[in-house]
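Here is my note on the model you sent over. Have the structure open beside you as you read.

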Amino acid sequence: MIKLRNAINIYSELTPYFDMVVLVSDDDINRTKEILDKAYDNWFNLELNPEIQSIPIGDYLTDELNKADIYYEIYYKDF
């Protein structure tokens, strides 16, 4: 079976080790991108959110999706 799915790629241009893909339904794609954009910015904002830095970013992003009750699949680049 072949199925077309929506995906959001989150990666770093500075390191190849930070690369993941989040698959979501068509209905949730825009909301998921908004949640991930905000969470990504929050995680990197050391001045406003120093406590978040102790959480791995992948865990933090999935925690935010879970709080928003988004069904997703996440895949990390394998090296």
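1. Let's begin with burial: of the 79 residues of the protein chain, 35% count as buried. Buried means under 20% relative accessible area, exposed means over 50%, and partly exposed is in between, using a 1.4 Å probe and protein chains only. What you are looking at is a predicted model, in which local features need pLDDT of at least 70 and side-chain atom pairs count only at pLDDT 80 or more, while totals for chains, interfaces and linings use all residues. Residues are numbered from 1 along each chain as its sequence is written, and side-chain values use heavy atoms, with hydrogens and water left out.

2. How confident is the predictor? Its score is pLDDT, a confidence given to each residue from 0 to 100. The protein chain has a mean pLDDT of 91, and 100% of its residues reach 70 or more. Strand E1 (residues 6-11) has the lowest confidence, at a mean of 93, and strand E2 (residues 19-24) the highest, at 95. Where pLDDT is low, the predicted coordinates should not be read in detail.

3. Now trace the chain from its N terminus: the elements run β-β-α-α-β, with two helices and three strands in total. These elements are DSSP runs numbered from the N terminus, where helices (H or I) have at least four residues and strands (E) at least two. Along its principal axes, the C-alpha trace spans about 45 × 30 × 15 Å.

4. Next, contacts, which means heavy atoms within 4.5 Å. Among contacts between residues at least 6 apart in sequence, 47% join residues at least 24 apart.

5. The protein chain exposes about 5900 Å², and carbon and sulfur atoms supply 52% of it; accessible areas come from the Shrake-Rupley method with a 1.4 Å probe, and for residues only the protein chains shown count as cover. There are 7 positive and 16 negative charges, and their mean positions are 4 Å apart. Lys and Arg count as positive and Asp and Glu as negative, leaving out His and the chain ends, and each charge is placed at NZ of Lys, CZ of Arg, CG of Asp or CD of Glu.

6. Why does Ile 29 count as buried? Its relative accessibility is 19%, so Ile 29 falls in the buried class. Leaving aside neighbours within four places in sequence, Ile 29 is in contact with Asn 6, Ala 7, Ile 8 and Val 24. The C-alpha atom of Ile 29 is separated by 9.9 Å from that of Tyr 72, 43 residues apart along the chain.

7. Helix H1 also holds Tyr 40 and Phe 44, four residues apart, about one turn of the helix. The rings of Trp 43 and Phe 44 have centres 4.8 Å apart and planes at 80°, so this pair is edge-to-face. Rings of Phe, Tyr and Trp (its six-membered ring) pair if their centres lie within 6.5 Å; planes under 30 degrees apart are stacked, over 60 edge-to-face and the rest tilted. Trp 43 is buried at 13% relative accessible area, whereas Tyr 40 is partly exposed at 27%, as is Phe 44 at 45%. Ring pairs link Phe 18, Tyr 40, Trp 43 and Phe 44 into a cluster.

8. Finally, visit Asp 69, in the loop between helix H2 (57-67) and strand E3 (72-76). Its phi is near 60°, a positive value in a residue other than glycine. Asp 69 is exposed, with a relative accessible area of 67%.

Key:
pLDDT is the predictor's confidence in each residue, from 0 to 100.
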